[in-house]
Amino acid sequence: MSLSLPNALGANDSEDDAAVFEATWTDPQTGARGYLVLDRLVRGVSSGGLRMRKGCTLDEVRGLARGMTLKEAIHYEDGAHYVPLGGAKGGIDFDSADPEADAVLFRYLEAMKPLIEQRWTMGEDLGVRQETVDKCIAQLGLNSSVDAAYRLLEDKDAATERMRTAFGTDVDGVKLDELVGGYGVAEAALAAMAERGLEPDGASVFVQGFGSMGGATARYLHRAGVRVVGIADVHGVVANPAGLDVERLLLTRTPSGAVDRQQLRAEDTELAGDQWLAVPADVLVPAATSYCINADNQSQVGSALVVEAANMPVLPDAEAEMTARGIVVVPDFVANSATNAWWWWVLFGDIDGTATQSFDKISRRMRELSAEMFALSRERGVSARAAAYELATQRLEKLTSQYPS
C-alpha cells in the first residue's frame with residue numbers, strides 16, 4: 001500500500017494512492033468552490049470534518065483527508081468497540097466571516113446530503129462551527145452529521161446517552177469536548193519531552209493559537225508544570241519568560257479564541273503577530289493554521305520539539321531542514337488525534353463519556369502511541385513522522401483486510 005504523507009502538497013499519481021472518491025462543487029449563487037475527498041472507506045464509512053476558508057484548495061483537502069485516514073488507523077486496537085473508519089475531509093473556498101458564509105455552507109451540505117447519510121461522518125473544522133452544521137443538518141432532514149456512523153451501532157439509545165454525558169460535561173469552566181483534543185496534544189508533548197530528557201518543571205512552551213486545541217494544550221501543559229511563555233492569537237503575541245497566567249487567560253478568552261488583553265499582568269508583554277517564532281521556548285505547539293512553518297521561516301524555529309496541534313502546520317521541506325538540526329516534529333496525525341478518537345470511543349462504547357474515563361483513555365493511548373512511535377524511530381533511524389506513518393499504514397492494511405468495504 002503506497003500512501004503519500006498528508007503534509008505533502010499535491011497528490012501522488014500512483015493508482016493505489018488515489019482517494020476512493022472526490023467531488024468538486026460550485027455554489028450556484030456565489031460561485032464559491034467546495035470539495036469533498038473520501039480518502040478511504042472502512043466498513044463503508046469515512047470520517048473527517050469540514051473547513052471553510054478563503055483559498056482552500058482540492059490539494060489541501062486531499063492532504064487533510066489522508067491525515068484523517070492515518071489518524072483513524074493509528075488508533076486501531078484489537079478487541080475495542082471502536083473500529084476505526086476511513087479518512088475524509090470537506091473544504092469550501094470562501095471567507096467564513098462573509099455574511100453569506102452560512103448560506104454557502106447550507107448549500108454545500110445540501111449537495112453532499114446523500115454522502116452524509118451513507119458514507120461521510122463530518123463535523124466542524126477551521127471556519128465552521130458545529131452549532132451551524134447541526135442547524136443545517138436539521139433543516140436537511142438528517143438526524144445528525146454522523147448519521148453514517150450510527151448505521152454501525154448495535155445500541156443507538158445507549159450511544160446517544162453516552163454522547164449526552166460527554167457533551168454535557170464541564171471541567172473547571174470549560175466544556176469537556178473543547179478540552180479532549182488539547183489534552184491529547186499535551187500528553188503527546190509530555191511524552192516527547194520525556195523522550196528528549198526535558199523535565200516539565202524546567203521546560204517552557206509557546207502555543208500558537210488559543211482556541212479549543214491551543215487553549216486546552218496550554219492548560220494541561222501548565223498543570224503539568226511546564227511554563228507557558230507565549231501565546232499567539234489573531235491579534236498578536238502575549239509573552240512572559242516566567243510564564244503566563246494560563247488559567248485566567250483561558251477562562252476569559254473570547255469565543256473566537258482571542259486573549260483578553262485586559263487580563264494581562266504588568267509583567268506580561270505584547271508583541272506583533274509576526275513575532276510568534278521569536279519567543280524562546282523548549283517546545284513549540286502550532287495550534288492554529290496549516291502550512292505556517294515553511295522553508296522561509298523554519299530557520300527561526302529554535303525549539304527542541306515541535307508538536308503539531310493544527311493539521312499540516314509544517315511543510316515537508318521545512319521539516320527536513322529542522323530534522324537535520326536535531327528538532328523533533330511530532331506529527332499531527334498522532335499529536336492531535338485525540339479529538340477524533342474520543343468521539344468514537346464514546347459513541348461506540350469504549351468509554352462512558354465522563355471526564356474521568358475520557359482523560360484516562362486519552363492519556364493511556366497517547367502515551368502508548370508515542371512510545372511505539374519513538375521506539376520505531378530509534379530502531380529505523382527515521383523521523384517521528386516516518387515512524388508514525390509506518391505504524392498507521394500497518395494498521396490500515398490490517399483494518400482493510402479484516403473489514404473490507
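Student: Which residues are linked in a network of salt bridges here?

Tutor: Arg51, Arg53, Glu60, Lys89 and Asp125 are joined in such a network, where a salt bridge is a side-chain nitrogen of Lys or Arg within 4 Å of a carboxyl oxygen of Asp or Glu. Please keep in mind that this is a predicted model, in which local features need pLDDT of at least 70 and side-chain atom pairs pLDDT 80 or more, while totals for chains, interfaces and linings use all residues. Residues are numbered from 1 along each chain as its sequence is written, and side-chain values use heavy atoms, without hydrogens and water.

Student: How many salt bridges does the whole structure hold, and which parts of the chain does the pair of Glu77 and Lys361 tie together?

Tutor: A search of the whole structure finds 32 salt bridges, and one of them is between the side chains of Glu77 and Lys361, at 3.1 Å from N to O. Glu77 belongs to the loop between helix H1 (58-73) and strand E5 (86-93), and Lys361 to helix H13 (residues 355-380), so the pair ties together parts that are 284 residues apart in sequence. Helices (H or I, at least four residues) and strands (E, at least two) are DSSP runs numbered from the N terminus. Are these two partners buried or exposed? Both Glu77 and Lys361 are buried.

Student: Where do Arg261 and Asp233 lie?

Tutor: Their salt bridge brings the closest N and O atoms to 2.5 Å. Arg261 lies in the loop between helix H9 (246-251) and strand E12 (269-271), Asp233 in strand E10, so parts 28 residues apart in sequence are tied together. Both Arg261 and Asp233 are buried.

Student: How does strand E10 pair with its neighbours?

Tutor: Strands pair if DSSP finds at least two bridges between them. E10 (residues 227-233), in which 6 of the 7 residues are buried, pairs with strand E9 (residues 204-208) in the parallel sense over 5 bridges, and with strand E11 (residues 236-239) in the antiparallel sense over 4 bridges. Gly230 of E10 is the bridge partner of Phe206, and Gly230 also stands opposite Ala239 in E11. The hairpin joining E10 to E11 runs through 2 residues.

Student: How many aromatic pairs are there, and why is the pair of Phe167 and Trp342 called tilted?

Tutor: The structure holds 10 aromatic pairs (ring centres of Phe, Tyr and Trp, its six-membered ring, within 6.5 Å; planes under 30 degrees apart are stacked, over 60 edge-to-face, the rest tilted). The centres of Phe167 and Trp342 are 5.4 Å apart and their planes stand at 55°, so the pair is tilted. The pair links distant parts of the chain, with Phe167 in helix H6 (residues 156-167) and Trp342 in helix H12 (residues 338-348), 175 residues apart. Phe167 is partly exposed at 29% relative accessible area, whereas Trp342 is buried at 1%.

Student: What angle do the ring planes of Tyr183 and Tyr220 make?

Tutor: Their planes are at 90° with centres 5.0 Å apart, so this pair is edge-to-face. Tyr183 lies in helix H7 (residues 180-196) and Tyr220 in helix H8 (residues 212-223), so the pair ties together parts that are 37 residues apart in sequence. Tyr183 is buried at 13% relative accessibility, and Tyr220 is buried at 10%.

Definitions and conventions
Buried < 20%, exposed > 50% of the residue type's maximum accessible area, 1.4 Å probe, protein only.
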